[in-house]
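Here is a short report on one protein chain. Keep the model in view as you read.

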Amino acid sequence: MPPVVPAGHPEGYLEAFAQLYTDAALRIHAMQAGGPPPSETDDLPCVEEGVNGMRFIDAVLDSHRAGGAWIPF
């Protein structure tokens, strides 16, 4: 039986996560083997991108608290 996509999620939702997990696994296996990461995993997000996303969310919340004022991040 194929997985059921939760209501409200677009087509491709499960495939997107599958691709992220595949890319992460390829990188982990390459690191364990002592080799370079495969080039097809170059788009995999890293810690710096996650931190930058959190900074953006903080700026959005600060902007809301300031009545919609522009908040650089």
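## A methionine on helix α2

M54 lies in helix α2. The model is predicted. Is M54 buried or exposed? M54 is exposed, because its relative accessible area is 51% and the cut-off for exposed is over 50%.

Together with F56, I57, V60, L61 and F73, M54 forms a nonpolar patch on the surface. The accessible area of this patch is about 560 Å² in total.

## Helix α2 from end to end

Helix α2 runs over residues 47-65. That makes 19 residues. How far does helix α2 reach from its first C-alpha to its last? The reach is 27 Å.

After α2 comes G67. The phi of G67 is positive, near 75°.

## Helix α1 and the segment before it

The other helix to look at is α1, residues 13-32. F17 has its place in helix α1. Now compare F17 with A33. They are 16 residues apart in sequence. In space, 24 Å lies between their C-alpha atoms.

G8 sits in the segment before α1. Is G8 buried or exposed? With 81% relative accessibility, G8 counts as exposed. Take G8 and L44 as a second pair. In sequence they are 36 residues apart. Their C-alpha atoms are 25 Å apart in space.

## The chain as a whole

How many helices and strands does the chain have? There are two helices and zero strands. The C-alpha atoms fill a box of roughly 50 × 40 × 15 Å along the principal axes.

Next, the radius of gyration. For a compact globule of 73 residues, a value near 11 Å would apply. This chain has 18 Å instead.

## Surface and burial

What share of the 73 residues counts as buried? The share is 8%. The accessible surface of the chain is about 6,200 Å². Carbon and sulfur atoms hold 65% of that surface.

How values were computed
Residues are numbered from 1 along each chain as its sequence is written. This is a predicted model: local features need pLDDT of at least 70, side-chain atom pairs count only at pLDDT 80 or more; totals for chains, interfaces and linings use all residues. Side-chain values use heavy atoms; hydrogens and water are left out. Helices (H or I, at least four residues) and strands (E, at least two) are DSSP runs, numbered from the N terminus. The expected span of a helix is 1.5 Å times one less than its number of residues. Patches are made of residues with over 30% relative accessible area and no salt bridge: like charges are joined within 9 Å, nonpolar side chains (Val, Leu, Ile, Met, Phe, Trp, Tyr) within 5 Å. Accessible areas come from the Shrake-Rupley method with a 1.4 Å probe; for residues, only the protein chains shown count as cover. A salt bridge is a side-chain nitrogen of Lys or Arg within 4 Å of a carboxyl oxygen of Asp or Glu. Buried means under 20% relative accessible area, exposed over 50%, partly exposed in between (1.4 Å probe, protein chains only). The radius of gyration is taken over C-alpha atoms; the globule rule is 2.2 Å times the number of residues to the power 0.38.
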